[in-house]
Amino acid sequence: MKKVEIDKNKIPNHVAVIMDGNGRWAKKKGLSREFGHKAGRKAVKNIIEACIELGIKNLTLYAFSTENWKRPKLEIDFLMELLLLSLKNELKNLNKNDIKFTTIGTLEKLPRKICDYLIKVTNETKNNKSLTLTLALSYGARSEIIDVVKEISDKVKNNIISSKKIDESVINDHLYTRFLPDVDLLIRTSGEKRISNFLLWQIAYSELYFSKKLWPDFKKKDLYKAIINYQSRERRFGKISEQINN
Ligand code: IPE
Ligand code: IPE
Ligand code: MG
């Protein structure tokens, strides 16, 4: 699959990726899981670069789930240090490439120094326009929905909003992703076919694409393949084909 086969007029506006398979990648090579996470970082850089080249405006990466807190402490500590190191190394590049960095998730659960650095990177890239890069960290879609319910019910109680007025757009405006459009294309690597508590509301009408590649092996050409596949689909949103084509 080559880049030239991509239809420039049908580029997905929002691509989300469940970056899975770092541990298995390392195991296959007889290495510890940490090597897999390190190698995964390079894949992240490649994919961001490809998104910029293709003109994709929003990229959301699932980096750490609420359930990942159940992993061994040593692995969690390693992932947190790797995240901090990456943020420190990449801040300059984010600005150079006009990338706006944002996060979704319960950041309060992250170590203080990481939380502070995430806020710094978010602030220092907030005026960038080419690509909105969102990292889902300590993210779980069920927690997100619980937070939405709490926030809206408080507003109802305080007469800020009437319960009769609650519709899809009200929910959208209270999600962590309120600043993002719906996901057009959701990619999961490593051959697993599940959502693992990622963006449940936002993927209601996403096209799903599963790649067998382990995340550290996922290259630009794999993203091209996913996009070409996405472009071959007819997104009907409940209508019939004739309505879409007229
Ligand atoms: C994805 O790779 C990265 C995180 C979830 C942090 P995994 O660490 O889940 O790798 P596998 O699934 O064990 O191969
Ligand atoms: C999902 O991967 C979370 C991330 C990629 C950050 P997991 O490896 O944690 O998912 P499960 O547990 O296999 O479903
Ligand atoms: Mg996994």
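Helices here are DSSP runs of H or I with at least four residues. By that reading, Cys115 sits in helix α4. The model is predicted. The exercises below work through its fold, two helices and several single residues.

**Exercise 1. Describe the overall fold of the protein chain.**

Step 1. Count the elements. The chain has eight helices and six strands.

Step 2. Along the sequence the pattern runs β-α-α-β-α-β-α-β-α-α-β-β-α-α.

Step 3. Along the principal axes, the C-alpha atoms fill a box of roughly 55 × 50 × 35 Å.

Step 4. Check how the chain contacts itself. Among contacts with a separation of 6 or more, 78% join residues 24 or more positions apart.

**Exercise 2. Characterise the surface and the charges of the protein chain.**

Step 1. Take the burial. Of the 246 residues, 48% are buried.

Step 2. Take the area. The accessible surface is about 13,500 Å². Carbon and sulfur atoms contribute 53% of it.

Step 3. Take the charges. There are 47 positive and 30 negative side chains. The centres of these two sets lie 4 Å apart.

**Exercise 3. Compare the span of helix α2 with its expected value, then find what covers its buried residues.**

Step 1. Get the span. α2 has 22 residues and reaches 32 Å from its first C-alpha to its last.

Step 2. List buried positions, taking under 20% relative accessible area as the cut-off. In α2 they include Gly36, His37, Ala39, Gly40, Ala43 and Val44. Further along, Ile47, Ile48, Cys51 and Leu54 are among them.

Step 3. Recall the helix geometry. An α-helix has 3.6 residues a turn, so residues three or four places apart point the same way.

Step 4. Identify the cover. It includes α1, β2, α3, β3, β4 and α7.

Step 5. Look past the end. Gly55 follows α2 and has a positive phi near 80°.

**Exercise 4. Repeat the span check for helix α7.**

Step 1. α7 covers residues 220-231, which is twelve residues. At 1.5 Å a residue the helix should span 16 Å; the end C-alpha atoms are 17 Å apart, which agrees.

Step 2. Its buried residues are Asp222, Leu223, Tyr224, Ala226, Ile227, Ile228, Tyr230 and Gln231.

Step 3. The cover over these residues includes α2, β5 and β6.

**Exercise 5. Examine the loop between β5 and β6 at Ser190, Leu199 and Arg194.**

Step 1. Most residues other than glycine have a negative phi.

Step 2. Take Ser190. Its phi is positive, about 85°, although the residue is not a glycine. With a relative accessibility of 9%, Ser190 counts as buried.

Step 3. Take Leu199. Its phi is also positive, about 30°, and again the residue is not a glycine. Leu199 is buried, at a relative accessible area of 1%.

Step 4. Take Arg194. This residue is partly exposed, with a relative accessible area of 45%. Leaving out neighbours within four places in sequence, Arg194 contacts Ile18, Arg188 and Phe210.

Step 5. Phe210 is 16 residues from Arg194 in sequence and 9.2 Å away, C-alpha to C-alpha.

**Exercise 6. Is Thr106 buried or exposed, and which residues does it touch?**

Step 1. Locate the residue. Thr106 lies in the loop between β3 and α4.

Step 2. Apply the cut-off. Buried means under 20% relative accessible area. Thr106 has 12%, so Thr106 is buried.

Step 3. List the contacts. Beyond four places in sequence, Thr106 touches Thr66, Leu137, Ser138 and Tyr176.

**Exercise 7. Work out the setting of Cys115.**

Step 1. Cys115 is in α4. At 13% relative accessibility, Cys115 counts as buried.

Step 2. Not counting residues up to four places away in sequence, Cys115 touches Leu107 and Glu108.

Step 3. Check a distance. Lys73 and Cys115 are 42 residues apart in sequence and 18 Å apart in space, C-alpha to C-alpha.

How values were computed:
Residues are numbered from 1 along each chain as its sequence is written. Chains are lettered from A and ligands numbered from 1 in the order in which they are written. This is a predicted model: local features need pLDDT of at least 70, side-chain atom pairs count only at pLDDT 80 or more; totals for chains, interfaces and linings use all residues. Side-chain values use heavy atoms; hydrogens and water are left out. Buried means under 20% relative accessible area, exposed over 50%, partly exposed in between (1.4 Å probe, protein chains only). Contact means heavy atoms within 4.5 Å. Accessible areas come from the Shrake-Rupley method with a 1.4 Å probe; for residues, only the protein chains shown count as cover. Lys and Arg count as positive and Asp and Glu as negative; His and the chain ends are not counted. The place of a charge is taken as NZ of Lys, CZ of Arg, CG of Asp or CD of Glu. The expected span of a helix is 1.5 Å times one less than its number of residues.
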